[in-house]
Amino acid sequence: MSKKSTAPVACPCGGPSLASCCGPYIDGAAIPPSAETLMRSRYTAYVQHNEPYLLATWHASTRPAEPIIDNEEKLQWLGLEVKSALRLRQRKVEVATDDTDPTKDTVEFVARFKTNGRAQRLHEISVFVREPAEGGLRWFYVDGSFPE
Ligand SMILES: [Zn+2]
């Protein structure tokens with residue numbers, strides 16, 4: 001990616017700018033309207049080592065008790081690719097997810113990162129649920145499966 005120096009700071013998730021993408025969700029100024037926007041903001045929170053945001057958006061039933069981010073680990077996030085809606089729909093048919101259920105959604109993505117100098121990729125299908133919470137209905141991350 002080559003950007004002019006006058007361009008706004010790009011969002012780590014791949015959005016044009018942090019302020020118009022994940023920033024407001026992480027700052028608490030807005031509620032992510034969809035599972036995908038929540039997923040993107042959680043990726044950005046990982047990049048920013050924002051553990052409080054990750055915990056706040058993790059469903060209480062699966063939220064880890066241990067620290068999520070190991071600051072000793074030399075982990076560098078390189079990029080995020082959210083898979084197309086078409087593939088997602090096909091996947092939903094495969095797993096027989098009720099597509100009309102507005103309280104549950106899945107997001108398939110590939111996140112690339114580097115640990116100890118080695119590039120790796122995380123291919124995950126994340127499950128999200130939508131529940132009443134502070135400030136209205138909110139999406140929460142529940143868990144993920146790995147198709148590879
Ligand atoms: Zn973003």
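Because the model is predicted, local features need pLDDT of at least 70 and side-chain atom pairs count only at pLDDT 80 or more, while totals for chains, interfaces and linings use all residues.

**Exercise 1. Find which residues coordinate the zinc ion, and name the geometry of the site.**

Step 1: Look for donors, meaning N, O and S atoms within 2.8 Å of the metal (3.2 Å for Na, K and Ca); water is not among the atoms, so sites may look incomplete. The SG atoms of Cys11, Cys13, Cys21 and Cys22 coordinate the zinc ion at 2.2 to 2.3 Å.

Step 2: Check the angles. Four donors count as tetrahedral if all angles lie between 85 and 135 degrees. Here the 4 donor atoms give angles of 99 to 115°, and the site is tetrahedral. For four tetrahedral donors, the ideal angle at a metal is 109.5 degrees.

Step 3: Read the spacing in sequence, which is C-x1-C-x7-C-C. Cys11 and Cys21 both lie in the segment before helix H1 (23-27), so this pair ties together parts that are 10 residues apart in sequence. Helices (H or I, at least four residues) and strands (E, at least two) are DSSP runs, numbered from the N terminus.

Step 4: Ask about burial, where buried means under 20% relative accessible area, exposed over 50%, and partly exposed in between (1.4 Å probe, protein chains only). Cys11 is buried at 4%, Cys13 is buried at 2%, and Cys21 is buried too.

**Exercise 2. Trace how strand S3 pairs with S2 and with S4.**

Step 1: Two strands pair if DSSP finds at least two bridges between them. S2 (residues 104-115) and S3 (residues 118-133) run antiparallel and are joined by 12 bridges; in this pairing, Lys114 stands opposite Ala119.

Step 2: Move on to S4 (residues 136-145), which is antiparallel to S3 and joined to it by 9 bridges. Val127 faces Asp143 across this pairing.

Step 3: Inspect the turn of the S3 and S4 hairpin, where 2 residues separate the strands and Gly135 has a positive phi of about 85°.

**Exercise 3. Describe the positive phi values of His49 and Asn116.**

Step 1: His49, not a glycine, has a phi of about 55°. His49 sits in the loop between helices H2 (35-47) and H3 (51-56) and is partly exposed at 42%.

Step 2: Asn116 has a phi near 50°. Asn116 belongs to the loop between S2 and S3 and is exposed at 69%.

Conventions
Residues are numbered from 1 along each chain as its sequence is written. Side-chain values use heavy atoms; hydrogens and water are left out. Four donors count as tetrahedral if all angles lie between 85 and 135 degrees; four count as square planar and six as octahedral if opposite donors are over 155 degrees apart and all others between 65 and 115; anything else is irregular.
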